[in-house]
Amino acid sequence: MDLKKEKTMIIIAGLIIGAIGSLLVLAGNPANMGFCIACFLRDISGGLGLHRAAAVQYIRPEIIGLVLGAFIIAVAKKEFLPRGGSSPMTRFILGFFVMIGCLMFLGCPFRMVLRLAGGDWNAILGLVGFVIGILIGIYFLNRGYSLKRTYTLPKLEGAMLPIVMVVLLVLLVAAPAFIFFSEAGAGPGALHAAIAVSLAAGIIVGILAQRTRLCMVGGVRDAVLFKEFKLLAGFVAIIVAALVVNVAIGKFTGGFAGQPVAHTDGLWNCLGMVLVGFGCVLLGGCPLRQLILAGEGNADSAITILGLIVGAAFCHNFGLASSGAGPTANGQIAVIIGLIVVLVIALMNSRKQNA
């Protein structure tokens, strides 16, 4: 496929994904949260009882759909390649701290752009921090940062996360007593589209993201490193489509104060996303990209997702997650610790560290 056609496909995929992100709000998802990988993994963590924050407990079908969509299309296109063994525990720790950064900001990079498209200007500070974090990560890439090679694994190993997602879907539909659901009016976890709608949306986005290699981190990284702007074009297309849909359906409200599931502390919005951008560069992709890679059979990405889920549970069990009232002192300390840990990981895995 030539570069122009590939860029066009990425833009079209971005437009579709952005529109889906806004239309899911119309279908019942929280405002400015039609799609958020971090928030939805947090809800799943709560739904499984890993944390007991009643406002954010629900097994989100969008996450299930993302993995299954990527898995289905990867198998169909003979791109399902089980692999892993590239510093799995390091990836788990990075995923853990990326989630801490996300829940300081109250959203992943995907939600960041949806918040921008909804008129939440607090996300501008998040975007600034996100870019700064990516630039720091790029500095270490240029110094030889690597988590070493991956190895071919048995097909069952690569299929484990898709199998887990099918189990989660069964649990969601069956709703046994040991699965937690936010009660109506309790908070974001109680706001969701119908299961079939959410699952279909996730599958569509999973297929599109798998075919285009769309990644929020990759767009900025590739533009800086290689002067390649196709992924960045997809990033912009998501914002444009979501903005147009939000305006059309009356969901655009510009400003800083009173934004849904957001706070106005600019410094910590920025620092939270510095941690996210830095950590995601070291991981090789944003949370969305990690889910897609896991659907393609990448066990290291599956481990990263487990790190994100455990990080979400830790945030709510120990009071690290922000709220509309702002960040917590524990959360601020955790972000600083996260930045130090991620910096140490970057230094220890860079070949030129002693140059």
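These are brief notes on a predicted model, from overall fold to two residues.

1. Overall make-up. The protein chain holds 14 helices and two strands. Its C-alpha trace spans about 55 × 45 × 45 Å along the principal axes.

2. Packing. The radius of gyration is 19 Å. A compact globule of 355 residues would have one near 20 Å, so the protein chain agrees with that expectation. Of its 355 residues, 57% count as buried.

3. Surface. The accessible surface of the protein chain is about 13,700 Å². Carbon and sulfur atoms contribute 70% of that area.

4. A nonpolar patch. Six side chains deserve a look: Ile124, Leu125, Val128, Ile132, Ile136 and Phe256. They form a nonpolar patch on the surface. Together they have about 440 Å² of accessible area. Leu125 sits in helix α6, which covers residues 122–142. Leu125 has 31% relative accessibility.

5. Asp43. Helix α2 runs over residues 37–47. Leaving aside neighbours within four places in sequence, Asp43 is in contact with Val56, Gln57, Tyr58, Arg60 and Gly189.

Technical notes. Residues are numbered from 1 along each chain as its sequence is written. This is a predicted model: local features need pLDDT of at least 70, side-chain atom pairs count only at pLDDT 80 or more; totals for chains, interfaces and linings use all residues. Side-chain values use heavy atoms; hydrogens and water are left out. Patches are made of residues with over 30% relative accessible area and no salt bridge: like charges are joined within 9 Å, nonpolar side chains (Val, Leu, Ile, Met, Phe, Trp, Tyr) within 5 Å. Accessible areas come from the Shrake-Rupley method with a 1.4 Å probe; for residues, only the protein chains shown count as cover. A salt bridge is a side-chain nitrogen of Lys or Arg within 4 Å of a carboxyl oxygen of Asp or Glu. Helices (H or I, at least four residues) and strands (E, at least two) are DSSP runs, numbered from the N terminus. Buried means under 20% relative accessible area, exposed over 50%, partly exposed in between (1.4 Å probe, protein chains only). The radius of gyration is taken over C-alpha atoms; the globule rule is 2.2 Å times the number of residues to the power 0.38. Contact means heavy atoms within 4.5 Å.
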